[in-house]
Every structure is written in C-alpha cells, then in structure tokens.
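Hi everyone, thanks for making time for this.

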Amino acid sequence: MTTILRRDIGLLALRVGTGAVLAAHGTQKLFGWFGGGGLEGTTKGMEAMGFHPPKQSALAAGLAETGSGVLLMLGLATPVAGAAAAGNMAGAVSVHAPAGFFAQSGGFEYPAYLGFTAAGVGLVGPGRYSLDHATSHRFDQPWVIATAFVASAVAAAAIVGKRVRDQSVEESEATEEE
C-alpha cells in the first residue's frame, strides 16, 4: 500500500471518527438523541455553566457540534468544520478547566482532544476520499483556512471572555449579599 493511499485512508478514519463523535454530541444537545437533554435541557445546562443568553448558547453549541461533525465526516469545507469544532471545544474546555486535566476528575482532557483533533484535520486537509477533493478543494483554500481559524478563535475568545466576566459579576453580587 502506498504512503499516499495510507495517508488518505488514515485521514478518512480520523475525519469520520471525530466527526461522528461531534455530531452525536451535537444531536444530544439539539434533539435529545442518544440520551441527551435536547435544546431545553442543554439550555438549562448552559445557564448553570454561566453562558448567557443560555438558549442561544445551547443552540450555537449544538449546531457547531452537529454541523462541524457532519462536515468533517463528509470532508466538505474541512477547514471551516475543523475551526468551528475547535472553537466550540474551547468553550467546553473553559467549563472543565477548573477540574484539572483528566476526564475522570471532570477535567478538560476530552473536549481538548476533540478540539485539537478537529483543528488538526482542518489544517492538514481532508485527504483524497472527501467531498473537498471531489469539488477540486473549492472550500479548502488557504484563505478559507486562515479566515475560518481566525474567526473561530475570535468568537471563542469573545464567548469565553463574556462568560468569565458574567461569572465575576455574579460572584461579586453574591458576596455583597452576604
């Protein structure tokens, strides 16, 4: 088996596996599939985690995970899919970071892994067995990669920063009430 063929099959496996996990998590948030809370349950969770407005945050997280997962599986607009997943996982990392690194302690290991894997696929490209390849890489251009990752980083920083500021205000108000 040639090195190029192995690389393309490896990218296919990585894309499909990572995309399926992301899509499954997203459909839990949006539709309650696979034992998820659906949009209502996710909204409550987002509010408890300090994301405001919670319903829009739940919808954005569900759409980002489902959409980026499906796009990664298909190998379509791969840089955009990888960047969207990475940005969304940055928000999840911010929630889990206080618990440390390892997942068994509630840490950020799992969302970080998903985010880095999706980002890596978005940066390296989808490989030969993809819709990007079938469309002559129309959505897999250098300017798309740069734009997608910069936009995702800016959005993630804004959302995580807003959450941190909102939590600081809530903590200050709670301290004043005591």
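Let's begin with some rings: Phe 101, Phe 102 and Phe 108 are linked by ring pairs into a cluster. Please keep in mind that this is a predicted model. How many aromatic pairs does the structure hold? There are three of them. One of these is Phe 31 with Trp 33, whose ring centres lie 4.9 Å apart with the planes at 35 degrees, so we call that pair tilted. Another arrangement shows up in Phe 101 and Phe 102: their pair is edge-to-face, with 80 degrees between the planes and 4.9 Å from centre to centre.

Now let's move to a pair of helices. A quick general point first: two packed helices are described by the angle between their axes and the distance between the axes. Here we have helix H3, residues 54-74, and helix H4, residues 78-96, whose axes come within 8 Å and cross at roughly 145 degrees. The crossing of H3 and H4 is left-handed. Which residues meet there? From H3 we have Ala 61, Ala 64, Glu 65, Ser 68, Leu 71 and Leu 72, and on the H4 side they meet Thr 78, Ala 81, Gly 82, Ala 84, Ala 85, Asn 88 and Met 89. Sorted by class, this contact of H3 with H4 has eight nonpolar residues, four polar ones and one charged one.

In the loop between H3 and H4 you will find Ala 77. Ala 77 is not a glycine, yet it has a positive phi of about 50 degrees. Is Ala 77 buried or exposed? Its relative accessible area is 12%, so Ala 77 counts as buried, the cut-off being under 20%.

There is a second residue like this: Phe 34 has a positive phi of about 55 degrees although it is not a glycine. Phe 34 sits in the loop between H1 and H2. With a relative accessible area of 61%, Phe 34 is exposed.

Thr 27 is buried, with a relative accessible area of 7%.

His 52 and Pro 53 are joined by a cis peptide bond, with omega about -5 degrees. Pro 53 is in the loop between helix H2, residues 38-49, and H3.

Back to H4, where Val 95 has its place. Val 95 is partly exposed, at 21%. Beyond its neighbours within four places in sequence, Val 95 is in contact with Met 49, Phe 51 and Arg 163.

Finally, something from a record. An unreviewed UniProt entry places the feature "transmembrane region" at residues 70-90, 110-131 and 143-161. In the model, residues 70-90 are 86% helix and 0% strand, with the end C-alpha atoms 19 Å apart. Residues 143-161 are 100% helix and 0% strand, and their end C-alpha atoms are 27 Å apart.

That's my tour, and I'm happy to take questions.

Notes:
Residues numbered from 1 in each chain as written. Predicted model: local features only at pLDDT ≥ 70, side-chain atom pairs only at ≥ 80, totals over all residues. Heavy atoms only, no water. Axes fitted to C-alpha atoms, helices over the stretch in contact; angles between N-to-C directions. Helix = DSSP H or I, 4+ residues; strand = E, 2+ residues; numbered from the N terminus. Left-handed = near helix turned anticlockwise from the far one by under 90°. Contact = heavy atoms within 4.5 Å. Nonpolar A, V, L, I, M, F, W, Y, C, P; charged D, E, K, R; others polar. UniProt positions renumbered as here; feature names shortened; annotations may be inferred. Buried < 20%, exposed > 50% of the residue type's maximum accessible area, 1.4 Å probe, protein only. Phe/Tyr/Trp six-rings, centres within 6.5 Å; stacked < 30°, edge-to-face > 60°.
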